[in-house]
Amino acid sequence: MAFHYSRRKLKVREEEEAGELNIVPYLDILMNLIIFMLLSITGLATFGIINVNAPAYGAPTTGMAQENPDDAPKLTLSVLISKKGHFVSSENAILGEAGTPTIPVKADGTHDFSALNAKMVEIKSAFPKETKVIVGADPDVPYETLTQTLDAIRETQGRERRLLFPDVTLGAI
C-alpha cells in the first residue's frame, strides 16, 4: 500500500506581495513617546510660575536712579532661611535681635509661615510701593521650605489674596 502525498503550493500573503510594512510597532513607540512628552511638560510648567529675577551686579544704571525720585528711604528687603527660622532684614535695619531669627521655628521644629506672612503684611503697610525682596537659604534647608517661604512672601494668605512682594531675587548665603 502506497501513500500518496500531494504537495500544494502555499500562497504568499497578499501584504507581503505588495511590499507593505507593518507599522503597528512604530505607532506603539510613537504613542508612548507622545504620552511621555506630555507628562514631562506638565511637570515642568509648575516651575515657570515663580517670577524670579537674577541679581544685578555692578553700579546702578540711570533707570534705577529714576525709580526712586522722591528720595524715600530704601527698603532692600531680604529674607534668609535657616534651620533656626527666618531672618528678615532691610538695608536700614535688622528686624529682630542680632543673632536670633526674626521669626523662629515653632516648638515642633517647623517653620512658622503664617507669622512670616503677617510680618510681610506689616512691612508692606510701611512700604506700600516696594515690590522687591531678596531670598536666601542655607544649603541644608529643604526645597519645600523655600517654596512655602516664597508663597508667604509673595501674597497674603486667606480668602482675599493681595500681592505683597512679587519681585523675588534668589541669592546665596
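The charged end of K124 sits over the ring of F165, 5.3 Å from the ring's centre. That label applies when NZ of Lys or CZ of Arg is within 6 Å of the ring centre and within 35 degrees of the ring normal. As for pairs of rings, the structure holds zero aromatic pairs, a pair being Phe, Tyr or Trp rings (for Trp, the six-membered one) with centres within 6.5 Å; planes under 30 degrees apart count as stacked, over 60 as edge-to-face and the rest as tilted.

Keep in mind that this is a predicted model, where local features need pLDDT of at least 70 and side-chain atom pairs count only at pLDDT 80 or more, while totals for chains, interfaces and linings use all residues. Residues are numbered from 1 along each chain as its sequence is written, and side-chain values use heavy atoms, leaving out hydrogens and water.

Now for the overall layout. The chain has five helices and six strands, which run in the order α-α-β-α-β-β-β-α-β-α-β. Both kinds of element are DSSP runs numbered from the N terminus: helices are H or I with at least four residues, strands E with at least two. Of the contacts with a separation of 6 or more, 62% link residues 24 or more positions apart; a contact means heavy atoms within 4.5 Å.

What about the outside? The chain exposes about 13500 Å², and carbon and sulfur atoms supply 60% of that (Shrake-Rupley method, 1.4 Å probe; for residues, only the protein chains shown count as cover). Buried residues make up 23% of the 173 in the chain.

| Residue | Relative accessible area | Class |
|---|---|---|
| L21 | 72% | exposed |
| E122 | 47% | partly exposed |
| P166 | 15% | buried |

L21 lies in the loop between α1 (14–18) and α2 (24–45). This leucine also belongs to a nonpolar surface patch of about 1200 Å², whose members include Y26, F36 and I41.

E122 takes part in the one salt bridge of the structure. Its partner is K119, at 3.7 Å, N to O, and the cut-off is a side-chain nitrogen of Lys or Arg within 4 Å of a carboxyl oxygen of Asp or Glu. Both residues lie in helix α4 (residues 113–126), three residues apart, about one turn.

P166 is in the loop between α5 (143–154) and β6 (167–172). P166 and D151 are 15 residues apart in sequence and 9.5 Å apart in space, C-alpha to C-alpha.

Conventions:
Buried < 20%, exposed > 50% of the residue type's maximum accessible area, 1.4 Å probe, protein only. Patch = residues over 30% accessible without salt bridge, like charges linked within 9 Å, V, L, I, M, F, W, Y side chains within 5 Å.
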